[in-house]
Amino acid sequence: MNNKQQITLVSFLAYFVMSGMLAPMGIISGAMSEHFGQPVTEITARFGWLTFGILVGAIIALFIFDLVRLRKLLMLVYTVLTACLISLTFLSNMTRIGIALGLVGVCCGIGLAGAALVISRTYETEQRASMLVITDGWFSVAGIVCSWIAIFLIAREYHWSGVYQFVALIAASIVVLSSLSTFPATDGDEQQSPATGT
């Protein structure tokens with residue numbers, strides 16, 4: 001796999017992670033309700049942290065790419081996201097779960113913007129439109145796959161966050177791929193001297 005294919009795959013996986021977080025919410029809320037002994041409405045409210053975090057991440061993305069190199073940023077964002085998702089297995093406090101989901105949302109918001117930036121800087125105009133359509137396809141496929149996984153795991157009485165551990169695996173693969181790739185230059189690269197590395 002050459003560098004262009006690798007960073008394209010990173011972009012597709014970023015869309016996969018976003019969809020993988022959103023699609024199973026309705027499916028796992030019942031299992032969470034049983035696990036924590038709280039009404040589904042209270043559980044569902046916790047996912048507001050996730051969606052609010054996505055909004056915050058999108059706002060941060062408006063300026064952060066001017067300050068930080070794309071490769072470093074994606075590695076940081078998806079490392080934090082992976083850690084937060086893994087933590088869901090151990091957290092029993094709903095407030096802490098909400099904060100973890102909020103951090104995941106922030107990371108998703110930044111990561112998705114980074115993925116779009118990679119596509120726009122890597123492909124020419126004609127190809128770019130096709131690639132963005134494919135990213136939408138990955139988003140849709142991820143929603144289906146993660147919903148099926150959530151149903152499968154909950155039916156077998158696995159932990160409610162089981163599907164998010166699968167998403168954590170995808171996020172970890174983004175970190176690995178990013179560490180092995182060279183990304184298009186951003187203003188964050190131009191403002192740093194070559195001596196700082198990538």
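Predicted model: local features only at pLDDT ≥ 70, side-chain atom pairs only at ≥ 80, totals over all residues.
Residues are numbered from 1 along each chain as its sequence is written. Local features need pLDDT of at least 70, side-chain atom pairs count only at pLDDT 80 or more, totals for chains, interfaces and linings use all residues, and side-chain values use heavy atoms, with hydrogens and water left out.

**Exercise 1.** Find out whether R71 is buried or exposed, and what its side chain reaches.

Solution. Start with the place: R71 sits in helix α4, residues 70-87 (a helix is a DSSP run of H or I, at least four residues). Next, R71 counts as buried because its relative accessibility is 17% (buried is under 20%, exposed over 50%, partly exposed in between, with a 1.4 Å probe and protein chains only). Finally, its side chain reaches the backbone oxygen of S178 at 3.2 Å.

**Exercise 2.** Classify T79 by its accessibility.

Solution. T79 also lies in helix α4. With 41% relative accessibility, T79 is therefore partly exposed.

**Exercise 3.** Describe how helices α6 and α7 pack.

Solution. First take the geometry: α6 (residues 125-155) and α7 (residues 162-179) pack at about 140°, their axes 8 Å apart (axes are lines fitted to C-alpha atoms over the stretch in contact, and angles run from 0 to 180 degrees between N-to-C directions). The pair is therefore oblique (under 35 degrees is roughly parallel, over 145 roughly antiparallel, 65 to 115 roughly perpendicular, the rest oblique). Then list the contact (heavy atoms within 4.5 Å): V145, C146, I149, A150 and L153 of α6 meet G162, V163, F166 and V167 of α7.

Technical notes: Helix = DSSP H or I, 4+ residues; strand = E, 2+ residues; numbered from the N terminus. Polar contact = N/O pair within 3.5 Å; in protein donor to acceptor, adjacent residues only side chain to side chain.
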